[in-house]
Amino acid sequence: MRILGIDYGDARTGLSISDPSGFLAGSPRVIHEWNRDKLVDKLCAVVTEERIEKIVLGYPKNMDGTVGARAQQCEALAETLRARTGVPVVLWDERRTTVAAHDILHQAGKKTRKHRQTVDAVAAALILQGYLDYKRSRG
């Protein structure tokens, strides 16, 4: 089963696609798009081209677990993607994934000013891998 992980952002949206076995997150990339409708079109194209069977969308809850405006935007995107693709969408708690992505890039020797180019793709891979690990641990 091919699963798409998404780290939704206003200007950049990170993507990661699992291997066919659903064991590892990979293929990280970023879509640079400000326009939500155009972004949805591009995401739908990825779902079709990559034969995606499930979408895991990062759900940015506040640190206290409450849902804010950004999480509500993700809920709306999830509904749109479900309607447009017919693919199930799972909202996955993404708290601290961007911080972890910056740490990974820093440890890999990437300069901080260059992080913006790839941090969303790394965050998407962390979101997806967290989901895959959870599913595997649950049997």
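Trainee: Which are the buried residues of helix 2?

Mentor: This is a predicted model, in which local features need pLDDT of at least 70 and side-chain atom pairs count only at pLDDT 80 or more, while totals for chains, interfaces and linings use all residues. Residues are numbered from 1 along each chain as its sequence is written, and side-chain values use heavy atoms, with hydrogens and water left out. Buried means under 20% relative accessible area, exposed over 50% and partly exposed in between, with a 1.4 Å probe and protein chains only. In helix 2 the buried residues are Ala71, Cys74, Leu77, Ala78 and Leu81.

Trainee: What covers the buried residues of helix 2?

Mentor: The cover includes strand 1, helix 1, strand 4 and strand 5. Contact here means heavy atoms within 4.5 Å.

Trainee: How many helices and strands does the protein chain have?

Mentor: Helices (H or I, at least four residues) and strands (E, at least two) are DSSP runs, numbered from the N terminus. The protein chain has four helices and five strands, in the sequence pattern β-β-β-α-β-α-β-α-α.

Trainee: In what order do the strands form the sheet?

Mentor: Strands of a sheet pair through backbone hydrogen bonds, either parallel or antiparallel. Two strands count as paired if DSSP finds at least two bridges between them. Here five strands form an open sheet in the order 3-2-1-4-5, with mixed pairing. Strand 3 and strand 5 (89-93) stand at the edges with a single partner strand each, so one side of each is left without a neighbour in the sheet. Direction ignored, neighbouring strands are turned by 25° against each other on average. Strand 1 (residues 3-7) and strand 4 (residues 54-59) run parallel and are joined by four bridges.

Trainee: Which strands does helix 2 touch?

Mentor: Helix 2 (residues 69-85) packs on the sheet and touches strand 1, strand 4 and strand 5; its direction makes about 170° with that of strand 4. Axes are lines fitted to C-alpha atoms, for helices over the stretch in contact, and angles run from 0 to 180 degrees between N-to-C directions. Helix 4 (residues 119-137) also packs on the sheet, touching strand 1, strand 2 (12-18), strand 3, strand 4 and strand 5, and its direction makes about 40° with that of strand 2.

Trainee: Is His32 buried or exposed?

Mentor: His32 is found in strand 3 (residues 25-32) and is exposed, with a relative accessible area of 52%. Leaving aside neighbours within four places in sequence, His32 is in contact with Ala11, Arg12 and Lys42.
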